[in-house]
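Please look over the structure shown here, and then read the briefing that follows, which is arranged by topic.

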Amino acid sequence: MNITASAISLNVPDPLASAKFLIDHLGFVEKMSADGFISLDRPDAGLNVIYLRTGLKSFKPESAAGSAGEGLLVVFIVEDIDDQYARLQSEGVPIVTPIETEEWGERYFQMRDPNGIIVQLVQWV
């Protein structure tokens with residue numbers, strides 16, 4: 001097997017709002033979109049982020065058609081965590097966990113996108 005790309009697909013009530021969050025604040029770009037669907041890319045992120053509108057009739061399996069959110073973290077590792085924290089605070093991004101460092105060397109903070117998805121930036125120190 002040869003994996004040629006990776007993606008995460010998240011069901012949310014408003015795909016465009018979550019997409020705009022990643023585009024405006026984390027530099028993602030739209031790769032493709034259709035009604036209820038948008039795929040974002042950032043070459044250095046290592047994966048595409050796809051948002052699907054909850055309730056799409058084409059979604060399979062139906063058992064997984066609920067909304068993403070509870071217990072889910074979308075995590076990106078960065079090299080300049082303190083600079084990103086200051087920048088995102090100045091942009092008015094809703095920070096839900098202020099920057100902190102865990103004893104095992106993970107320095108991180110968490111943000112909430114308009115659909116309630118928690119996006120975490122991490123730097124290993």
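The largest pocket holds about 290 Å³ of space, where a pocket is an open set of points on a 1 Å grid over the protein atoms alone at which a 1.4 Å probe fits, with protein on both sides within 12 Å along at least five of seven lines, and where the volume is the space filled by probe spheres set on the points, joined across faces, edges and corners. This is a predicted model, in which local features need pLDDT of at least 70 and side-chain atom pairs count only at pLDDT 80 or more, while totals for chains, interfaces and linings use all residues. Residues are numbered from 1 along each chain as its sequence is written, and side-chain values use heavy atoms, with hydrogens and water left out.

**Pocket lining**

- The lining of the largest pocket consists of 14 residues, and Arg 42, Asp 44, Phe 76, Ile 77 and Val 78 are those nearest its centre; lining residues have an atom within 4 Å of a point.
- At least two lining residues come from each of α1, β5 and α2, these names being given to DSSP runs numbered from the N terminus, with helices (H or I) of at least four residues and strands (E) of at least two.

**Nonpolar core**

- The largest nonpolar core has 23 residues, and Leu 22, Leu 26, Tyr 51, Phe 76, Met 111 and Leu 121 have the most contacts inside it; such a core is a set of buried Ala, Val, Leu, Ile, Met, Phe, Trp, Tyr and Cys residues joined through side-chain atoms within 4.5 Å, with buried meaning under 20% relative accessible area for a 1.4 Å probe and protein chains only.
- Among the elements that each supply at least two residues of this core are α1 (15-26), β5 (73-77) and β8 (118-124), and α1 gives the most, with 4 residues.

**Sheet and helices**

- Strands β7 and β8 are antiparallel and share 7 bridges, and Gln 110 stands opposite Gln 120 in β8.

Note on methods: Buried < 20%, exposed > 50% of the residue type's maximum accessible area, 1.4 Å probe, protein only. Pairing = 2+ DSSP bridges.
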